[in-house]
Amino acid sequence: MARLYEEIRDAKAAIRTLHFLIKEYPKTPFRDAAERDIARLQGQPERKLPSVSVDNIRFWESGNAIRVVVDLSSQGDFVQGGAKSPDRAFIDIAQARVNSLLLGKPMTVKSPLMQQIRVGQYDNSTVRVVLDLGAATRVTSSTLRDPDRLIIDVFGPDGQP
């Protein structure tokens, strides 16, 4: 609809329609294109969009450890951090967008080491993966290539790397 407004040279109506799309459907797969179109119609320079996509998250438990694998579309930079009350570990993936199918769907982990895994778009260019921890004593993270993925290992009191 916005493109039709643009064809009849009504940029204000096109921008209004694109803002409506983003506001009413924040998880739409068309969000990036709508944001680019708004910037273009407003005469703003094109901004660099995130280059990494977080496509899938999976996990498995082995002994006294849990491995979480975050599938990425390409290699990306990340930072690991933590928070208390309740205990959490988080990994921020820079210049990334989360697949809309993962939003709002925490993964329950039936383990004393970790309760659940959550993922969300922390800001316009950062994806945050949050691990709600239980009896875990150490969390490590690294990347692997071919295919690109982020590996998060959660260890219990006697867990071995």
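Biologist: Which residues does Leu-131 touch, not counting residues up to four places away in sequence?

Modeller: In this predicted model, Leu-131 touches Val-68, Asp-87, Arg-88, Ala-89, Met-114, Gln-116, Ile-117, Val-139, Ile-152 and Val-154, once residues up to four places away in sequence are set aside. Leu-131 also belongs to the largest nonpolar core, which has 28 residues, and together with Val-70 and Ile-93 it touches the most other members.

Biologist: Which elements give two or more residues to this core?

Modeller: The contributors at that level are strand S1 (52-62), strand S2 (65-72), S4, strand S5 (96-98), strand S7 (114-123), S8 and strand S10 (149-155). Another core, of seven residues, lies apart from it, and Ala-14, Leu-18, Ile-22 and Ala-34 are among its members.

Biologist: How should I read the order of the strands in the open sheet?

Modeller: The order S3-S4-S8-S7-S6 lists the five strands of the open sheet, and the pairing is antiparallel. Strand S3 (78-83) and strand S6 (107-108) are the edge strands, since each of them pairs on one side only. S3 is joined to strand S4 (residues 88-94) by six bridges, with the two running antiparallel, and Gly-82 has Ala-89 in S4 as its bridge partner.

Biologist: Is Thr-126 buried or exposed?

Modeller: A residue counts as buried under 20% relative accessible area. Thr-126 has a relative accessible area of 13%, and therefore it is buried. Thr-126 is found in strand S8 (residues 126-133), and its contacts, not counting residues up to four places away in sequence, are Asp-92, Ile-93, Ala-96, Gly-120 and Gln-121.

Biologist: Which residues of H2 are buried, and what covers them?

Modeller: The buried residues in H2 are Ala-13, Ala-14, Ile-15, Leu-18 and Ile-22, and what covers the buried residues of this helix includes helix H1 (2-7) and H3. As for its span, H2 has 14 residues and reaches 20 Å from its first C-alpha to its last, which is close to the 20 Å expected at 1.5 Å a residue.

Terms used. Residues are numbered from 1 along each chain as its sequence is written. This is a predicted model: local features need pLDDT of at least 70, side-chain atom pairs count only at pLDDT 80 or more; totals for chains, interfaces and linings use all residues. Side-chain values use heavy atoms; hydrogens and water are left out. Helices (H or I, at least four residues) and strands (E, at least two) are DSSP runs, numbered from the N terminus. Buried means under 20% relative accessible area, exposed over 50%, partly exposed in between (1.4 Å probe, protein chains only). Contact means heavy atoms within 4.5 Å. The expected span of a helix is 1.5 Å times one less than its number of residues. Two strands pair if DSSP finds at least two bridges between them. A nonpolar core is a set of buried Ala, Val, Leu, Ile, Met, Phe, Trp, Tyr and Cys residues joined through side-chain atoms within 4.5 Å.
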